[in-house]
Amino acid sequence: MSINYTDKREFTEKQAEELFLSVEWASGKYPERLYKALQSCETVYTAWDGERLVGLANAIDDGAMTAYVHYLLVHPDYQGKGIGRELMELMKLHYADFPYFFLVAENPPLVGYYEALGFAKENNTNVMAINKK
C-alpha cells in the first residue's frame with residue numbers, strides 16, 4: 001500500500017461524502033455544503049490510495065496568528081497506519097510560523113491520540129458553540 005498526500009483539492013463531492021460517512025460524521029449528510037466548505041477553507045491535505053480518498057485534514061486560519069484544525073479523519077479501513085499522523089504533520093509544517101494552532105477533540109477517546117501528536121489540553125478553557133443541527 002502506497003499512500004500519496006497532496007494539498008490539491010482534486011476530490012469529488014461524492015468522494016468527500018463517502019469518506020465522512022465512513023467515520024459516521026454528520027457532515028457527510030450534507031455533501032454539497034461539505035464540498036463547498038472544503039473547497040473554501042484555507043488549507044486541505046488529502047491522503048490517497050490510488051484513486052481512493054482515504055484521509056483528509058483541513059484548517060481554517062486568519063492568515064497570520066491563529067489556525068484551527070477543523071477535520072482530521074481517516075477511513076476505518078486505513079486507520080492505524082500513520083495516515084492521520086502524516087496529515088497532521090503536514091498541517092503542523094504548514095502552520096509552523098503561526099503562534100496559535102488549535103483543534104477541538106470532540107471525541108474524548110481521541111484526546112490521547114492528539115496528545116501523542118504534540119497537542120496539549122488548555123487549562124480553564126471551554127468549547128462554546130451554537131449548534132443548529
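Are Phe 20 and Tyr 71 buried or exposed? Both Phe 20 and Tyr 71 are buried, where buried means under 20% relative accessible area, exposed means over 50%, and partly exposed lies in between (1.4 Å probe, protein chains only). Before we go on, please keep in mind that this is a predicted model, in which local features need pLDDT of at least 70 and side-chain atom pairs count only at pLDDT 80 or more, while totals for chains, interfaces and linings use all residues. Residues are numbered from 1 along each chain as its sequence is written, and side-chain values use heavy atoms, with hydrogens and water left out.

Let us begin with the sheet. Helices (H or I, at least four residues) and strands (E, at least two) are DSSP runs, numbered from the N terminus, and two strands pair if DSSP finds at least two bridges between them. Five strands make an open sheet in the order 1-2-3-4-5, and their pairing is mixed. Strand 1 (4–6) and strand 5 are at the edges with a single partner strand each, so one side of each has no neighbour in the sheet. On average, neighbouring strands are turned by 20° against each other, direction ignored; axes here are lines fitted to C-alpha atoms, for helices over the stretch in contact, and angles run from 0 to 180 degrees between N-to-C directions.

Now follow the chain through strand 3 and strand 4. These two strands run antiparallel and are joined by seven bridges, one of which pairs Asp 61 with Ala 67 in strand 4. Together they form a hairpin with four residues between them, and in the turn Gly 63 has a positive phi of about 90°. On to strand 5 (residues 100–103), which pairs with strand 4 in the parallel sense over four bridges. Here Thr 66 has Tyr 100 as its bridge partner, and Val 69 has Leu 103. Strand 4, helix 3 and strand 5 make up a right-handed β-α-β unit, right-handed meaning that, with the strands pointing away from the viewer, the path from the first strand over the helix to the second runs clockwise.

A nonpolar core is a set of buried Ala, Val, Leu, Ile, Met, Phe, Trp, Tyr and Cys residues joined through side-chain atoms within 4.5 Å. The largest such core has 22 residues, and Ile 83, Leu 87, Met 88 and Met 91 have the most contacts inside it. Two or more residues each come from strand 2 (43–49), strand 3 (52–61), strand 4 (66–74) and helix 3 (83–94), with helix 3 giving the largest share, five residues. Apart from this core lies another, of 14 residues, including Val 23, Leu 38, Cys 41 and Val 44. Contact means heavy atoms within 4.5 Å, and by that rule Leu 87 touches, among others, Tyr 5, Tyr 45, Leu 56 and Leu 72, not counting residues up to four places away in sequence.

What about helix 1? Helix 1 lies across strand 2, strand 3 and strand 4, and runs at about 90° to strand 3. Its buried residues are Gln 15, Ala 16, Glu 17, Leu 19 and Phe 20, and their cover includes helix 2, strand 2, strand 3 and strand 4. After helix 1 comes Glu 24, with a positive phi near 60°. Glu 24 sits in the loop between helix 1 and helix 2 (31–40) and, at 71% relative accessibility, is exposed.

That brings us back to the aromatic rings. Rings of Phe, Tyr and Trp (its six-membered ring) pair if their centres lie within 6.5 Å; planes under 30 degrees apart count as stacked, over 60 as edge-to-face and the rest as tilted. The structure holds ten aromatic pairs. Phe 20 and Tyr 71 have ring centres 4.8 Å apart and planes at 85°, so they are edge-to-face. This pair links distant parts of the chain, with Phe 20 in helix 1 (residues 13–22) and Tyr 71 in strand 4, 51 residues apart. Tyr 100 and Phe 102, with centres 6.2 Å apart and planes at 5°, are stacked. Tyr 100 is partly exposed at 41% relative accessible area, and Phe 102 is partly exposed at 35%. Ring pairs also link Tyr 95, Phe 98, Phe 101, Tyr 113, Tyr 114 and Phe 119 into a cluster.
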